[in-house]
Amino acid sequence: MNKHVSKLQTKVPSSVPINPPRRIKSGLRRTGGSTRRQFLKRFGLGVVAGGIPILSGLDDACSATAQKTTGRKVKYRVLGKTGLRISEIGFGGHSWAYKQVPDGQGGYRRPTIDEAVRMIAAGLDMGVNFLDSCTALVESSVPGEALKRLKARDKVIVSVRVSHKMKGIKADKQEIYKWTEDRLKLWQTDYVDICLLCNTENDTPQSGYWDMSYSIEALDKLKQQGKIRFTGFGCHFTPELFLEAFEKFGNYFDICSIPYNVRHRAAEKLLPAAKKKGLGVITIKPFVRGALLKNRDLKGTDAGLPRDLIAFVLENKLVDICTCGVHTIKQLRENLSASWTKLSPGRRERIEKLAGTGIPGREYAWLEQGWRYA
Ligand SMILES: NC(=O)c1ccc[n+]([C@@H]2O[C@H](COP(=O)([O-])OP(=O)(O)OC[C@H]3O[C@@H](n4cnc5c(N)ncnc54)[C@H](OP(=O)(O)O)[C@@H]3O)[C@@H](O)[C@H]2O)c1
């Protein structure tokens, strides 16, 4: 076993959020050695009195809500048996993959690298230390380049998802090696902190479920090589198949990744079983990929809705981190404010009403079937 892993599993770091393998050169010294003001300035984030970072150009001006939240830091939790100290809200990889930023010509485009640098810098400044990436290559290449420019690789926990059509065949090992190597290159690093196995319902007839024992052999080898530190799985499983996976493979894995939002609450039944195995819990889809926020008056009567939807997830103490996709610094600041904004009874009522709203679209079918629970 990788010696860095065993060290971390027995000790929860208190002052340093993560503890990268020693052979990896740290970019922390230069970033950590400069002042926060210098760090922000370098990436176009000005600083006003009170330490509030402001955007000097690109994507958006701060809303009143966002202004109020700056200067605050997100809280941390411990990611299950990994012992990692993780920010309770993290960056989702889909942020970089989808064309969601208005292009000024009536269409949409992806965030640019410059925008990613600014968003990630603002997130780090507010305490975020977790970056996820799913299957699309751009989900690794954009944050990889951003971390390089920020010299911040060693400040964050990098998580990749290794997805492929395994179907329980032995050849899947070669695919895991290839997927991991490709992502190491894109992240411009020689190790990632977390490698999550990931499959969708299109990959196997059984809601993405497969015999993970073949995959485990490959993950062990990657651990021995120091290329990955911790492992987990996060797939389009039904709730029942998640329970089966915890039972069969929960002793081996460190982490599971589960969808959880005010509408899809089956996770509430699953999390006690995950915690029994000591698994760290990374939740995804707090807004059902934005569907819970569509056609809302977020500047008026529905202001604060994204924050409340995340606060709802964080109220569950079995959750270690809520990962969300963001496309602007304004969204980032609003979402992170969930870390210090308690859900009031009135706002809880508002989001519970929202949970009854129909979510059209085939792409959410797997979440709709069997995931609702109240
Ligand atoms: N297969 C897997 O294992 C898997 C699957 C799904 C997700 N994930 C991970 O989980 C992460 C989160 O899931 P997700 O991105 O699907 O869903 P999500 O976090 O529920 O929704 C993200 C979308 O919500 C909107 N949004 C976020 N903050 C907002 C705000 N303050 N105001 C208004 N709109 C806001 C953005 O859409 P607009 O740009 O339209 O505003 C954004 O694209 C992903 O990024 C990915 O890392 C993994």
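**Exercise 1.** Is arginine 72 buried, partly exposed or exposed?

*Solution.* The model is a predicted one.
Step 1: Find the residue. Arginine 72 sits in the loop that runs between helix H4 (64–69) and strand E3 (76–78).
Step 2: Take its relative accessible area, which is 42%.
Step 3: Apply the cut-offs: buried means under 20%, exposed means over 50%, and partly exposed lies in between. Arginine 72, at 42%, is therefore partly exposed.
Step 4: Look at the surface charge. Arg72 belongs to a patch of positive charge on the surface, together with Lys75, Lys317 and Lys342.

**Exercise 2.** Determine whether aspartate 132 is buried or exposed, and name a side chain in polar contact with the side chain of aspartate 132.

*Solution.*
Step 1: Aspartate 132 is part of strand E8 (residues 130–133).
Step 2: The relative accessible area of aspartate 132 is 7%, so the residue is buried.
Step 3: The side chain of arginine 161 forms a polar contact of 2.9 Å with the side chain of aspartate 132.

**Exercise 3.** Classify arginine 229 by accessibility and describe its surroundings.

*Solution.*
Step 1: Strand E11 (residues 228–233) contains arginine 229.
Step 2: Its relative accessibility is 0%, so arginine 229 counts as buried.
Step 3: The side chains of arginine 229 and aspartate 193 make a polar contact of 2.5 Å.
Step 4: Compare sequence and space for the pair arginine 229 and serine 159. In sequence they are 70 residues apart, while their C-alpha atoms are 10.0 Å apart.

Terms used: Residues are numbered from 1 along each chain as its sequence is written. This is a predicted model: local features need pLDDT of at least 70, side-chain atom pairs count only at pLDDT 80 or more; totals for chains, interfaces and linings use all residues. Side-chain values use heavy atoms; hydrogens and water are left out. Patches are made of residues with over 30% relative accessible area and no salt bridge: like charges are joined within 9 Å, nonpolar side chains (Val, Leu, Ile, Met, Phe, Trp, Tyr) within 5 Å. Accessible areas come from the Shrake-Rupley method with a 1.4 Å probe; for residues, only the protein chains shown count as cover. A salt bridge is a side-chain nitrogen of Lys or Arg within 4 Å of a carboxyl oxygen of Asp or Glu. Lys and Arg count as positive and Asp and Glu as negative; His and the chain ends are not counted. The place of a charge is taken as NZ of Lys, CZ of Arg, CG of Asp or CD of Glu. Helices (H or I, at least four residues) and strands (E, at least two) are DSSP runs, numbered from the N terminus. Buried means under 20% relative accessible area, exposed over 50%, partly exposed in between (1.4 Å probe, protein chains only). A polar contact is a pair of N or O atoms within 3.5 Å; within protein, one must be able to donate a hydrogen and the other to accept it, and residues adjacent in sequence count only if both atoms are side-chain atoms.
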